[in-house]
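Me: Hi! Could you walk me through this one while I have it open?

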Amino acid sequence: MPLPTYPLYLNGQFVLGTDQYPVLNPSTAQPFAQMSAMERGQIAQAISAAHEAFVGWRSFTSKARSEALLRVASELDKRRDECARLITFENGKPLSQSHGELSMALDHLRWFAEEAKRAEGRSIPHWVDSKRHWVVRVPIGVVGAIAPWNFPLMLAVRKVAPALAAGNTVLLKPARQTSLSAVLFAECVQEAGLPKGVFQLVQGAAREVGAEFLSNPLLRKISFTGSTETGQLLIRGAAETVKPLALELGGAAPVLVFADADIAQAVEGVLAAKFRNSGQSCIAANRIFVERPVYEDFLQRFIERAGELKTGDGFEPEVQIGPLIDAATMARAVAQIQDARQKGARLLLGGGRIDRPGYFLEPTVLADVPDHALCASEEIFAPVAAFTPFDGEEEVIRKANSTRYGLAAYAFTRDLSRTFRLMENLECGILGINDGIPTATQAPFGGCKQSGWGRELGSEGLDAFLETRHVSIGIQGGGS
Ligand code: ADP
């Protein structure tokens with residue numbers, strides 16, 4: 001039987017692309033569908049259509065845009081089960097986690113539907129009688145949103161919802177591995193009755209899409225989530241046209257477990273921060289520092305709990321860890337494990353590929369990981385927990401800050417003064433204190449250093465998609 005082919009969504013129409021490619025299920029490494037792809041010239045046409053749609057969309061009242069986003073949310077909610085299953089097929093994550101992703105995406109849509117009504121400006125007191133000063137916030141224009149495969153729906157919505165709320169039109173380019181949930185999202189947009197061209201789904205060779213987004217003068221901003229390396233490519237390209245970029249890049253989150261922590265709570269927190277989404281998250285725990293007096297006890301308890309985690313196809317009941325996304329991600333994780341062991345780390349759990357089809361890695365625990373091991377500074381992006389003991393707060397803060405990344409950090413402690421010192425001294429955009437899952441729709445998300453530029457979510461989430469315009473008005477007869 002031929003595989004179903006999923007379409008693009010261009011200017012209000014679902015169309016098959018000039019090209020198709022197979023989409024693999026990472027639990028079987030077999031294709032289960034095909035996705036459409038387009039050529040660069042068609043991307044340029046889509047940008048023109050988005051530019052035409054912009055004039056109409058930006059003149060919608062903020063309340064009308066808000067209601068449109070709420071309708072998209074309600075369409076998506078109706079198709080919750082279908083969408084969660086699609087995410088598990090294309091990404092591999094356990095079905096319960098796909099449902100979690102869907103709930104979060106719905107939260108994002110509803111949050112930005114409300115924020116649409118709050119893109120407020122201000123008036124500035126005048127210094128001369130004959131002038132008045134207003135600051136208005138206006139949409140930017142056509143936005144290119146580039147999304148990754150690890151949370152395919154949620155991270156796409158994190159861009160699309162605020163961009164539309166602010167009155168921009170959007171082209172979404174999902175990751176090649178995980179475009180199908182984006183097709184379902186496009187169906188919800190159509191069902192919700194958004195005008196044609198306001199939201200479009202494009203797909204093609206990533207470099208070509210990127211090149212068109214960067215060079216086309218009608219596309220005014222790129223919002224990207226992905227690797228730091230691809231982010232750097234976009235920055236280089238943006239230099240040519242001074243294209244504004246919002247970037248959510250890699251992370252290598254340090255975890256600091258102090259001896260004064262509630263150890264049982266810390267074990268559960270680190271498990272969540274490490275193994276959720278099979279470790280394939282930019283805020284996943286990367287290097288886990290545990291204060292020496294509780295180090296061995298913590299490891300014992302952690303191994304026990306990690307050993308209970310069920311790995312398997314995301315559709316199997318009670319599975320908590322799914323496959324890695326592809327062979328390259330598997331090869332990188334295996335190389336990092338070997339490297340750490342060669343450099344003196346102790347392997348306490350797992351360590352190898354599971355002998356079955358698909359890309360399954362055993363939940364792995366490494367202890368005594370030295371500073372010069374690759375996994376101490378590189379993003380791991382796999383269910384590999386790398387532990388190192390530490391002897392004092394100052395030392396561990398220095399080590400935690402010694403990476404090029406600055407996205408998330410985690411600490412477990414019951415000391416209030418220490419909590420404030422950590423808030424002030426850890427270099428990160430998101431800090432979980434006694435919390436392994438710190439992301440919240442209503443709070444800003446993003447990083448410093450090489451983890452990116454700007455913030456998504458929260459009341460800051462709209463900022464990336466609004467221009468600030470000062471209007472100076474000369475008037476007659478002023479004087480009050
Ligand atoms: P990963 O290594 O996790 O797949 P990438 O940064 O390669 O992360 O991918 C994130 C997103 O960026 C995906 O949608 C991918 O197709 C896209 N992408 C990859 N290379 C480029 C590029 N040169 N220009 C624009 N987008 C790109």
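Me: In what order do the 3 strands of the open sheet run?
Reply: In this predicted model, the order is E6-E7-E23, with antiparallel pairing. Strand E6 (122-124) and strand E23 (466-474) each have a single partner strand, so they stand at the edges with one side left without a neighbour in the sheet. On average, neighbouring strands are turned by 25° against each other, direction ignored.

Me: And over how many bridges do E6 and E7 pair?
Reply: Over 3 bridges, with E7 covering residues 131-139. Arg-122 has Val-135 in E7 as its bridge partner.

Me: Switching topic: is Asn-25 buried or exposed?
Reply: Asn-25 counts as buried, because its relative accessibility is 6% and the cut-off for buried is under 20%. Its place is in strand E4 (residues 19-25).

Me: Nice. What does the side chain of Asn-25 reach?
Reply: The backbone nitrogen of Ser-27, at 2.8 Å. Setting aside residues up to four places away in sequence, Asn-25 touches Gln-30, Phe-32 and Phe-89.

Me: How many aromatic pairs are there?
Reply: The structure holds 12. One of them is Phe-89 with Phe-315, a tilted pair at 4.7 Å centre to centre and 55° between the planes. Phe-89 is in helix H3 and Phe-315 in the loop between helices H10 and H11, 226 residues apart.

Me: What about Trp-149 and Phe-381?
Reply: That pair is edge-to-face, with 5.7 Å between centres and 90° between the planes. Both residues are buried.

Me: Last one: which ring does the charged end of Arg-356 sit over?
Reply: The ring of Phe-360, 4.3 Å from its centre. Arg-158 lies over the face of Phe-445, at 4.8 Å from the ring centre.

Conventions: Residues numbered from 1 in each chain as written. Predicted model: local features only at pLDDT ≥ 70, side-chain atom pairs only at ≥ 80, totals over all residues. Heavy atoms only, no water. Pairing = 2+ DSSP bridges. Helix = DSSP H or I, 4+ residues; strand = E, 2+ residues; numbered from the N terminus. Axes fitted to C-alpha atoms, helices over the stretch in contact; angles between N-to-C directions. Buried < 20%, exposed > 50% of the residue type's maximum accessible area, 1.4 Å probe, protein only. Polar contact = N/O pair within 3.5 Å; in protein donor to acceptor, adjacent residues only side chain to side chain. Contact = heavy atoms within 4.5 Å. Phe/Tyr/Trp six-rings, centres within 6.5 Å; stacked < 30°, edge-to-face > 60°. Lys NZ or Arg CZ within 6 Å of the ring centre and 35° of its normal.
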